[in-house]
Number of protein chains: 2
Amino acid sequence: MSATAGIDLGGTKVQAVVLDELGEVIGQGRTRTPTKGGPSDVIDAITSAVKDAMKSAKADVNGVGIGSPGAIDPATGYVTGAANLPGFGEPVPLRDLVGEALGLGQVRIDNDVNVGTLAEHRLGAGRGLDDLLAVFAGSGVGGGVILGGELRRGDHGSAGEIGHVVVRMGGDLCSCGRRGCMEAYAGRVAIERKARAAMEVGRPSLLPAIMRDRGRARMTSGVLAAALEAGDDLTHELVDQAVAALGAGIASAVNVLDVQAVILGGGLGEKLGDPFTRRVEAAMRPSLFVRAVEVRSATLGDLGGAVGAALMAREAA
Amino acid sequence: MSATAGIDLGGTKVQAVVLDELGEVIGQGRTRTPTKGGPSDVIDAITSAVKDAMKSAKADVNGVGIGSPGAIDPATGYVTGAANLPGFGEPVPLRDLVGEALGLGQVRIDNDVNVGTLAEHRLGAGRGLDDLLAVFAGSGVGGGVILGGELRRGDHGSAGEIGHVVVRMGGDLCSCGRRGCMEAYAGRVAIERKARAAMEVGRPSLLPAIMRDRGRARMTSGVLAAALEAGDDLTHELVDQAVAALGAGIASAVNVLDVQAVILGGGLGEKLGDPFTRRVEAAMRPSLFVRAVEVRSATLGDLGGAVGAALMAREAA
């Protein structure tokens, strides 16, 4: 039997899966992403997660795919600008390092959002569609585009950068340094920054208490979901702004692409669930050129990235 | 020899060309678009323009293409919502009506912007590129997308609607009824509306005098170009806003598509020329995810639509 491993290299954890020929997840492994050290520590974490996944699958693999943050050159296997990973300030030949560590020649690499998009198209909410736009709202907002059944990488490998669609000229500063990006309104990090700024000038909020209760230092998607649930005014206001920005930005992309469907996922999407998807769909409508486009919640959740990385490796084989 | 005719059905004129096998324009015809009557009057104008073009080409044609305003169904040949054409409030089977009038079975139809995009890709500024986004800034702002050498029509035939990308959430009202569209800042009709509103509340401007001198009732692209030249403050301000909106909206589309180049054309693009293209390129830069994308001025000008319509007919044959 021919199995493939997939790795989702995240800022907080490394998720590995082993996929069988039918696309079933037959093994999983997970390690914490090191916050100190250098690339070799990251490689160790990846190797350990993949070995755990192979052990639980009771299977060897003949190919590995990696979904990585940062800018990826799939041809050379280098990762640049993955600033959250230790020692990744300079370009890292991640594909070849992982291949050597695992003793495998068949290693593929692409960015985390592209592999997540591939997974939703092949096995998730976008199954059977020709064209779709996937939007992952988490710490930031990423996206991927499937056209004619294939992932569009684009001329510089950066197609699908929906987080940096401008929804307000000269608007809020984004963490990317640009102004008015969708991510500056809809990314969890941007929401947290705005919430802290509002509280600093005296705006009351349940957020600090909820974070304390949950032992969280950051306003995770779970914290935001709980604050909405508890009726926190500030959180409702910021999430309303996020929904409005997602509506405008996704509608803009659909006006240019005219895809069959939009798939909405990511940490925020998962924690807030289908009601959030329906709100984004409603926010898109006033800006949509076509009468309607189907908007679906992503179905693969947390494993989507790793599954997509394994699919990429399998399809390349 | 095998020649093809192309028709650009505009709001003010019907432009026809005959194209030889090498893509050379060997004949032209032009009539005024009727403002009264019904579809049969429009068909008469088209027939007359095509016959003039065939006469000047001294050639018969074995196929005809039509670029039309409104929403086009290329499969059925119906045009809907081309409200500027007399009797086109209801859907009109334009393809078949033109075919009958000319006695030709080989008639193809698509929207005017798609055929203009095709022309710039096959014979104009986009020659040889795999991927491009064409933006035509005229009365409104239209666009077309070429991916992998082929025109992307999209799931509802409305891909490339760049004029209705949102550049400012909740912003200016667009003639389409939506808010904050790029066209609401960068379309000539929107610019004229804003200029008139400013003058009504006492803002001084050279525009009325320039219109009078040129015998124009509307602020055509030529009038705007002359007012810029004359240093009219109001026109400079409105064109600055148009450039900013084009920069943000086109950069947004490029962030999603990651195409090799952007082609800028349309009445405003033509009259203001390459300096305008360079200004739009500079305005895109702060919002662009990739370091740079090539921005080129369209080269086929006024004939682009008709040439593209002929190319469409030829490629379908």
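Helix axes are lines fitted to C-alpha atoms over the stretch in contact, and angles run from 0 to 180 degrees between N-to-C directions. The structure is a predicted model, in which local features need pLDDT of at least 70 and side-chain atom pairs count only at pLDDT 80 or more, whereas totals for chains, interfaces and linings use all residues. Residues are numbered from 1 along each chain as its sequence is written, and chains are lettered from A and ligands numbered from 1 in the order in which they are written.

In chain B, helix α5 (residues 188–200) packs against helix α8 (residues 233–257) at an angle of about 145 degrees, and the two axes lie 10 Å apart.

Helix α10 of chain B, residues 304–316, spans 18 Å from its first C-alpha to its last over 13 residues, close to the expected 18 Å (1.5 Å times one less than the number of residues). Eleven of the 13 residues of α10(B) are buried (20 or more other C-beta atoms within 10 Å of the residue's own, with C-beta atoms placed from the backbone). Among them are B:Gly304, B:Val307, B:Leu311, B:Met312 and B:Arg314.

Chain A comprises ten helices and twelve strands (DSSP runs, H or I of at least four residues for helices and E of at least two for strands, numbered from the N terminus). Along the principal axes, the C-alpha atoms of chain A fill a box of roughly 55 × 45 × 35 Å. Of the 317 residues of chain A, 56% are buried.

At the interface, 34 residues of chain A are in contact with 34 residues of chain B. On the chain A side, β9 (141–147) and α8 (233–257) are the elements that give two or more residues. The largest share, nine residues, comes from α8(A). By class, this side of chain A holds 19 nonpolar, nine polar and six charged residues.

Terms used:
Two residues are in contact if their C-beta atoms, placed from the backbone, lie within 7 Å. Ala, Val, Leu, Ile, Met, Phe, Trp, Tyr, Cys and Pro count as nonpolar, Asp, Glu, Lys and Arg as charged, and the others, Gly among them, as polar. A residue is buried if 20 or more other C-beta atoms lie within 10 Å of its own, exposed if 12 or fewer, and partly exposed in between; C-beta atoms are placed from the backbone.
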